Every structure is written in structure tokens, then in C-alpha cells.
Amino acid sequence: MYTIERNAERTASAGRLLYDMFVNFPDQPAVWREISVITSALRNDSQDKQTQFLRGLFETLPGRVQCEMLLKATEQCFNTLERAEMLLLLLRRFPETVVQHGVGLGETLLDAESIEDQESPVNCFRKLFVCDVLPLIINNPDVRLPASLLYKYLNKAAEFYINYVTRSTQTESQYQGSQDSSDIMSPSKRSSQKYVIDGLTEKSSQITDPWERLFKILSVVGMRCEWQMDKGRRSFGDILHRMKDLCRYISNFDSDAHAKYKNQVVYSTMLVFFKNAFQYVSNIQPSLFQGPNAPNQAPLVLLEDVTNIYGDTDIDRNKHIHKKRKLAEGREKTMSSDDEDPSGKARSRHITVNKADLANSIEVLESFKLARESWELLYSLESLDKEFTRICLSWKTDTWLWLRIFLTDMIIYQGQYKKAISSLHHLAALQGSHSPQQITGQGSLENQRALIQLATCHFALGEYRQTCEKVLDLMCCILLPIQEGGKAQEEQPKVKSKFRKGSDLRLWPCTSRAIMPYCLHLLLACFKLRAFTDSRDDMALGHVVVLLQHEWPRGENLFLKAINKICQQGNFQYENFFNYVTNIDMLEEFAYLRTQEGGKIHLELLPNQAMLIKTSSPPMGLLQQEFIPVLQPSIQTADRHHTVTRGITKGVKEDFRLAMERQVSRCGENLMVVLHRFCINEKILLLQTLA
């Protein structure tokens, strides 16, 4: 009869017959097979017609019978996960059973996690405990729990949610084995994918508002442990301020109260720290994390701001007319800001970032500040330090790649550069071990981040040779954005030339297009210090002249200083001059130095005159494909030729004149290509200069 009514999908009559069977034949295997099918439908996410009918059938049963049926069905389960899900059905439908079964179910899940030896806290057992069982336990006033157990559960919940939110794309790829790993790493592809925890359904694996849930658990545990709580919602800044106040008089409490408030400060501050550190890293390097909200943007890297390397930089490019007479008049000028301490240690630290690179920069920098202050508070007292360190060790936070990125940036911010260098080496080790299938591009990106941050740390320490070494290693990774069809190279991202005192850190896009100018700034900073000492160093001075071509005429005043030094010396030797100097204004000035009016300075700029004059100069229209014409339309080549050569054609050696004429024809070369070649080809020479 039951089968007939069930097949006919007559819910009410089938329900009555099922009730009769359960009461009269409770031990019959056929009855339990049917109950198993129904309870399976209750746990199923499916919305098909048959599943919905079975759920409706169960709802027709009296509440007492539903409760008894679920309890007995649970006893029939031998699989821990299935048993837990069945018991959860019971606890949700009948809250009065939480007192009897809630804590036992929670402990069973935590034990199963240990027995199964789960590698990650983001597993099916922990998920069911933290997201499903724990809220039922702690929100039920009839469930009495000792403080030690509440702290244990809070710890488990925090570890789970933080690992869930910060799971990396490498972790996700383990659960998406059937998909192409390169697709998984693509932010655009990831946005449409779902993260599935092994052992759970797709729907059960999705957790909405994980941070919100975690702070809710913190709040409930705090109330149950009788912390000093504030009414209503409070911002992270407010929570941190409250914890700082509590720390001021925490030592005045007796041992029990001290332990209680110590836990309040540690857990509250720790969660503010992890939340804001994650917020910072997920914005500067969104590709680390999976999810539909990860924007497809260039990652950012925190570096010393060296944009003031030119000193006086407010030059109007449109009004600038560079003539040798003006240069001669300006040769006696001195640079008051050239010898400024580049480390920035004496100034208050500020971080600047271009709005175009990070739209929500105010919020991101606020997260960085809150995380930094939280970290400092956690290490401000020995008791807090000890407890926080214990938690970090148990969570293995030293293996969290994203956290190491934050800590490295924080240490750089603090000006502890030697410690930052150690942290960067730790970061490199983590990147190597995180995934055997390191994705091409992601790995090289991390390598570039590490190199440029190592360079900036060595520079701040005054270790200029090591700075140069890292920069030149990085130059080998840089791909120049050269466009085909003779189009001009994309304009480099500009930074304001006015330097605000204290703005000594900057979040810089970690792309070849943005990083190469920064590398050139660092190199110039290193060689500038060597070139303008009292002792003579023509090689360093020559390198400075080559590098000053970048962003010309921002470095004009520094170039004037170099010319002034050459005039004082009376001669100058730099055999790489004609290989890498293609700036028309600089060529004009050096040509002028050879004339009677220019002081007849003895210049040795020819490495091999036979090489320079044996081939005729290529016409401007037949330059190699890699060279892109960037001549200003207002300045014609013929005019330039006349300007450069008119003062040296009389009484000047033929080889120098030919070399200078040939050099004018190279003024159309892509400067970034020339400077990149300079860094690659002259690596040994550059390093020797700083030895």
C-alpha cells in the first residue's frame, strides 16, 4: 500500500502509512531502507521532483516521530561524515536536542579530523564543526561550556575561516584537478569557478561572509567568557583602540581576570590583524587568491621612493630649450639637495600610490596601518607575545605565503632593512615549496618582486653594489613593451616631480613597464653618489650621463653638475659614450666642450674608432625594427646636425666629427631599448665601478 501511494506521489496518505510502518515495524530492513532514502533526500541539495516529494513526505510526520526517526537513522550510520550530517538535521530541526548532542557531535568531528590526519584546516570535518555545529552550541544558553573549551573552539574557528578566506590559487588547483591549471590561475577564469571542499557538496562548500561569521563567533565567545564588551557594532579601529586601553591596566588584575583579559586582547587583536593584513595583500596582489572579486590588475610592490633622485626637478618640458649658451651660464650652479640622505630613516614614513594603480588606496593603506598597529600591540607585552606566538606556531603561519608578503612590507616600512632581506629570502623559499606546478608568470612575478625589494633594501642600507647587482639581475627579466609598426612607445607612468618631505615609500606596479624606470632611478642614485665625490671617477660620471637621458630633461640640473665637474677636470674619458648616449642636447654640449669657446676640454670617448667610422650611418628611415622614432616633430634632423657639428668642423679630429655625425642619426632610437641594452651588456663594468 505504501509503495502504491508513494509512486502515485500522494504525500498525506503515504506519510500516514510510513508512520504506521515506523511505529509497528521499527526493526524491519525494508522500513530502514525507505527511511534512509528519505533522510538522504533531506541532506541533498537537489531540487528535482522526487527529492522534493520525499522532503514533503517527511514533513507530514509528527515532530516526535521525526525526531525519533532521525535519531535512530543516525545510529544506523557508520560513516562519520554521514552520521554528523544526519545529527545536524536533528539539531537544526529540534534545538532542544543541542544540549544533549551538540558538544558530543562537535568533539566527534574534531576527533575525526585528527584521526583522518587532514593536511589543511579547510576540510569537511572542520567545516561542519565551525559553520554548522558551533553556532548551534554557543548560541544556545542552555549549553554550559567552560572558558577553556570556548577558547579552544574559537581557535579552531579562527584557523578555519582565515585559511578558507586566504586559500591560494595553488590550493584551489588541488580541488580542480580536472581543469587546466593555467585556466585556474587566470583571474578571469577563476571568477566563474566554485571551490569544493573534499567530502562535501559544492553548495555545502560555499561560505558567505566568512569574516562576518568569525567576528560574530568572537563576540558570542566574548560575552560568554565575560570580556569587557562594547554594545553594538564597532569598526576595526575602534576594537584596536579598546584593546590598547585594556592593555594599559591589564597588569592590575588578579591572575584569573588577567588570563581572561589577556585572551580578549590576543584574540580580538589577532583577528583584526589577520583581517587587515589579508585586506592589504589581497589588494596589492589579488592574483594570489581565488574568487570572483579578484580584480585583474597589476600587482603592487612596496619600495623606497627615489623619484627625487634628480634634486631640483620642476622643469616645464614644453618651455624647455636646451642650448649650449644656457648650459654654460648654469655651470656654476650647485645642487643643494643632491647629497640628501637617501635612506629616509630620519623622516616619518608615508606611503603614496597612484590612484590609477589602486582605486581604493585610502582603504588599503588604512588596512596596512591597522594590521601594523595590531602586530605591534601583540608583541608589546610578554604575556600577549607568548600566547600569540603559540597560536601562530600551531597554525603554521610561517608557511602562509600571503602573510610573509605582508610581514616583509611591514618590516620595510619599519626601516629594518637587514631583517627585511632575511624575510625576502624566507619568502623565496616559500614560493619554491608552495606548489610543484609553479605557474609560469606567477613564479617569475614573485621573483621580480623579491629582486626589486632586495634592491630597495640594499639601497637603503647604503650597499650600492648589491643594489646594482639585484637591479641588473632584474633587468634580465624585463620585457620591453615595444609596439610594432613604428608606433611610439607607450608613455611611462609619470610621478609628480615635486617631492613632499616624508613621502619616502611608494606602492609601485610590478610590471616591466613601471619597474624599469624605477630600476634606472636606483642605478642613477647609486652612481650619482660615486660620481660627485671629491675624488675623480670618470666611469661613474659616464654612467650617470647615460642614465640621465631617462626622463630628460628632469635630470638637466644634475647633467649641468656633471659638465661642470668635467670642465674642472679639464678632460674626461668614457669609451662607452657613443654606444649609449643618443640625447641630442647632451651630444650638443659634449661637442661644444671640444671647441675654443667651450674650453677645449680633452674628451676620450672613442672605444674603437675603426668600428665607429668604417660603416656609414644608416639613414633615419632605415633604422632597425627595434628602434622606434621618438623625435619631437618641432626639431628637424637637419637642424640638429647643423647645431651639433657647426662648432667642431673646424680644427677637430675627423674621427670625432664622424662619430658625432653618426650619433645624431641614432637620436630616433627607442631610449628604453638603449638603456636596457646598456644594463645587460655592461653588467660587469657597472658592478666593477661600484666595487
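Among contacts in the chain between residues at least 6 apart in sequence, what percentage join residues at least 24 apart?

Modeller: The model is predicted, so local features are given only at pLDDT of at least 70 and side-chain atom pairs only at pLDDT 80 or more, while totals for chains, interfaces and linings use all residues. Residues are numbered from 1 along each chain as its sequence is written, and side-chain values use heavy atoms, with hydrogens and water left out.

On your question, 76% of the contacts between residues at least 6 apart join residues at least 24 apart, a contact being heavy atoms within 4.5 Å. The chain has 33 helices and five strands; these are DSSP runs, H or I over at least four residues for helices and E over at least two for strands, numbered from the N terminus. Of the 691 residues, 54% are buried. Buried is under 20% relative accessible area, exposed is over 50%, and partly exposed lies in between, with a 1.4 Å probe and protein chains only.

Two packed helices are described by the angle between their axes and the distance between the axes.

On the α9 side the contact is made by L150, L154, A157, A158, Y161, I162, Y164 and V165. On the α14 side it is made by P210, W211, R213, L214, I217, L218, V221 and R224. These residues divide into 14 nonpolar, no polar and two charged. Ala, Val, Leu, Ile, Met, Phe, Trp, Tyr, Cys and Pro count as nonpolar, Asp, Glu, Lys and Arg as charged, and the others, Gly among them, as polar.

The crossing is left-handed, meaning that the near helix is turned anticlockwise from the far one by less than a right angle; clockwise would be right-handed. From α7, V103, E107 and L110 take part, and they meet L149, K152, Y153 and K156 of α9. This contact divides into four nonpolar, no polar and three charged residues.

Leaving out residues up to four places away in sequence, A112 touches T80 and F125. T80 is 32 residues from A112 along the chain, yet their C-alpha atoms are separated by 7.4 Å.

In the loop between α7 and α8 (124-138) sits D117. D117 is not a glycine but has a positive phi of about 55 degrees, and at 62% relative accessibility D117 counts as exposed. The loop between α14 (210-224) and α15 (236-248) holds E226. Phi of E226 is also positive, near 60 degrees, and E226 counts as exposed at 57% relative accessibility.

For reference elsewhere in the chain, consider α28 (residues 584-593), where ten of ten residues are buried. Among them are the charged D585, E588 and E589. At its start, a side-chain oxygen of N583 reaches to within 2.9 Å of the backbone nitrogen of D585. The start of α32 (residues 671-681) has a side-chain oxygen of N670 within 2.9 Å of the backbone nitrogen of M672.

One loop residue also belongs here: R349, between α17 (324-330) and β2 (351-353). R349 counts as buried, at 15% relative accessibility. Its side chain makes a polar contact with the side chain of D504 at 3.1 Å, and the side chain of R349 also reaches the backbone oxygen of I412 at 3.1 Å. A polar contact is a pair of N or O atoms within 3.5 Å; within protein, one must be able to donate a hydrogen and the other to accept it, and residues adjacent in sequence count only if both atoms are side-chain atoms.
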